[in-house]
Structures are given as structure tokens and as C-alpha cells.
Amino acid sequence: MHNIKPFPQPVYITQPLLPDIDDVKNMLSTIWQSKQLTNNGRMAIQLEKELAGFLKVNHLSLFSNGTVALQLAFRVLGLTGEVITTPFTFAATTHALVLNNLEPVFCDIEEDTFNINPDKIEALITPETTAILPVHVFGTPCKMDKIQRIAEKHGLKVVYDAAHAFGVEVTGRSIGSFGDISMFSFHATKIYHTIEGGALTFNDRHLKERADSLRNFGIKSEEFVAEPGTNGKMNELQAAVGILLLQIVGDEIKRRKEITGLYRELLKEIPGISFYGDMDGVTHNYPYFVIRVNKDYFGMSRNELYTLLKGYNIFSRKYFYPLCSQFPCYKNLPSASKDNLPIAENVVEEVLSLPLHGRLTNEEVEKICEIIIYKM
Ligand SMILES: *Cc1c(COP(=O)(O)O)cnc(C)c1O
């Protein structure tokens with residue numbers, strides 16, 4: 001019979017991509033010599049330029065983290081009232097709205113992409129609605145064309161939470177070039193990171209100028225403060241790490257693609273386990289490997305599988321359980337009702353993210369799959 005031993009060391013869902021330590025030391029020397037640690041220094045200016053090129057976007061601004069970036073995107077666009085968004089996302093998406101005095105209106109998601117369902121957006125629009133905030137969940141592109149058509153018809157802005165979508169392209173076009181503004185998170189747990197950090201991407205140069213001012217207290221010049229801004233600047237050490245990681249993130253994505261292929265191959269014929277494949281015309285970035293567990297066919301629930309894996313020292317995650325609409329702070333919103341979100345309510349009980357990062361070995365993936373296959 002199968003006698004599988006637990007992993008001697010914990011296998012986590014992810015592990016940060018790390019630059020070579022000697023390269024970091026060289027960068028630190030350069031920063032020390034410059035005596036500029038923050039305030040749009042050399043490293044930050046260089047990284048902004050390199051990232052705009054890498055992501056193939058017209059304009060890009062760096063921030064201290066993705067959440068601050070998202071909040072400033074709403075400020076730049078002058079949003080008020082209600083914003084239609086998805087409940088199946090990380091807490092920061094919804095929190096950023098509320099911290100800007102905007103009311104989240106939850107829209108249900110699609111069964112096959114886990115993204116906001118554009119066909120359910122229009123019914124949620126009221127005279128108070130000023131924008132749509134979709135999320136490219138797990139790096140899977142939203143239906144941008146449909147969303148754009150709805151936005152134009154109703155005069156709404158579109159801000160994409162592209163925190164998971166670094167490097168994703170749709171028919172050669174950057175995911176960051178859709179809508180009015182896109183937000184990327186460069187948190188250490190993301191595929192590409194600056195320890196903590198984030199960016200906004202824009203097609204319109206004026207929006208970037210406004211965001212740059214707002215991330216620096218609204219200061220225009222030594223003696224002129226134009227508006228109430230915040231402190232959202234990326235410092236030079238963060239930017240230096242970002243410059244180094246930009247050189248290796250391509251290899252990281254390649255390795256993740258291989259691992260994803262291996263998972264798909266090993267799990268493809270397990271009754272009750274499903275996952276999505278690559279989409280036509282899309283360059284994916286493989287940030288998570290997510291399976292959906294159908295208890296009736298698999299014979300074990302998602303929660304039982306999560307616990308089983310834990311027993312083997314494997315730390316999967318139930319992203320994004322609970323839904324944002326189930327948080328105590330949001331569950332009383334009218335749009336948070338279960339009747340409004342049937343697909344999201346169902347999906348969130350069945351999904352499980354398995355370990356995925358570039359340092360994971362094929363043997364580790366094979367063992368994880370064996371445990372899933374034999375349920376022991
Ligand atoms: C990580 C994440 C954020 C927040 O980004 P931070 O850089 O951690 O502030 C926002 N939205 C989603 C979907 C995320 O995964």
C-alpha cells in the first residue's frame with residue numbers, strides 16, 4: 001500500500017523570489033553613496049522606466065504598496081458614491097473603497113474564471129454608481145471588452161485590481177493597458193515584488209501626474225502644497241530589489257508554468273477535482289494553482305482535503321475564503337446577500353490553492369498530487 005511520509009519541512013503556498021545577495025549588497029553600496037534613501041530617487045526613477053517597458057504600458061507610477069496605490073487611483077479619478085466590485089478577492093480590494101468613503105456593491109462572479117460576471121453588472125448600477133472595480137483573480141483576465149462597453153454606456157470609470165496579473169497579456173496587449181487605471185501589487189508573496197510595493201498604470205499622462213503628486217503629500221514645489229495627499233512613495237531599497245527581480249521574474253514565470261503543467265497532468269483524471277487551463281491568446285503568469293473540489297465526486301470536501309494536506313506539512317490556502325461580502329464589516333450591505341452572489345458563495349466553499357513557486361521541485365509536486373490522489 002501507499003506509505004507516504006509527511007514533508008520534513010513545511011511546504012508553503014509560496015516562497016518569495018529572492019535576488020542574489022551579492023547583487024543586493026552592490027545595490028546597497030550605490031544607494032549609500034548617493035545618500036538618497038527615498039523621495040523618487042535614482043532607483044525608483046529607473047524602476048518606473050523599466051517596469052513601464054516590461055509591462056508594455058504608457059505610464060506607470062510606483063507606490064509603497066498596492067493598497068495605497070488603489071486608494072489613490074480612486075482619488076485621481078474623483079470617484080464618489082458606489083463602486084461595483086467582486087466579493088471573491090483579497091480584503092484590500094473592498095477595504096480600499098471603504099477607506100475612500102466609497103460604497104462597495106458586490107456583483108456575482110463567473111463559474112469558469114472566478115472573475116466578476118459582466119452580465120450581472122448593469123442590474124447593479126444606480127444613479128450613485130461612478131465606477132467598476134473588477135479583479136483579474138488568480139491572474140485570469142476579466143472580460144475587458146464587455147466591461148468597457150458597459151462603462152462607456154453608463155459613463156463609469158474602470159479601475160482594475162491587477163494585483164495577481166503581473167506580466168499577463170491578451171493578444172499581445174498588456175493587462176495593465178485596459179480601463180482607466182490598473183493596480184499591481186508588489187508584495188513579497190506576489191510573483192514579482194519589491195518586498196512591499198505597488199504600481200498604477202495609466203494610458204493618460206495627466207492621471208499619472210496627479211497620482212505622483214498625491215503619493216507625495218500633494219506637494220508641488222518647495223512652497224506650494226496643492227491638495228491633501230498621502231505618503232505613498234516607494235523607497236530606494238524597495239526599488240533596488242525590484243530592479244534586480246525584474247531580471248529574473250521571466251525565469252520564475254517559466255518555472256511556474258512547468259509546475260502548473262505538471263499539476264494539470266497529474267490531477268487531470270481525478271473525479272471531482274477540476275481546474276482551468278490556459279486561455280486562447282492569453283500569456284498567463286501562473287501566480288496560483290487552484291483546484292476546485294466537488295465533494296460528491298471526489299468523496300472528500302475542500303476543507304477535509306485542506307486538513308489532510310496539513311497533516312503532511314503542506315500548507316494550501318482557501319483563497320478567497322471567506323468572501324469579502326461575508327466579513328462582519330460588509331455582510332449587512334444589501335449587495336452582500338447570498339441571493340445576490342450564488343456562484344461566489346458556491347465557489348468559495350470549493351476552491352483550494354496548492355503550493356506554487358519557482359523553487360518547488362517536481363518531486364514535491366508529485367508527492368502532493370499522490371496524497372490528493374490516494375487521499376491518505
Ligand atoms: C495583494 C493584493 C492586494 C493588496 O496589495 P498590497 O501590495 O499587499 O497592499 C490587493 N488586491 C489583491 C487582489 C491582492 O491580492
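**The ligand and its surroundings**

Guide: A backbone N or O atom of G66 lies 2.8 Å from an oxygen atom of the ligand, a polar contact in the sense used here, namely a pair of N or O atoms within 3.5 Å. This is a predicted model, in which local features need pLDDT of at least 70 and side-chain atom pairs count only at pLDDT 80 or more, while totals for chains, interfaces and linings use all residues. Residues are numbered from 1 along each chain as its sequence is written, and side-chain values use heavy atoms, with hydrogens and water left out.

Side chains also reach the ligand: a polar side-chain atom of D161 lies 2.7 Å from one of its nitrogen atoms, and a polar side-chain atom of H164 lies 2.8 Å from an oxygen atom of the ligand. Taken alone, the ligand exposes 390 Å², of which the protein buries 93%; these areas come from the Shrake-Rupley method with a 1.4 Å probe. Around the ligand there are 15 residues, and the closest are T67, D161, H164, S185 and K190, where a residue counts as near if one of its heavy atoms lies within 4 Å of the molecule.

For a second polar contact, turn to E48: the backbone nitrogen of L62 lies 3.0 Å from a polar atom of the E48 side chain. Leaving aside neighbours within four places in sequence, E48 is in contact (heavy atoms within 4.5 Å) with L60, S61, L62, K208 and R215.

Key:
Polar contact = N/O pair within 3.5 Å; in protein donor to acceptor, adjacent residues only side chain to side chain.
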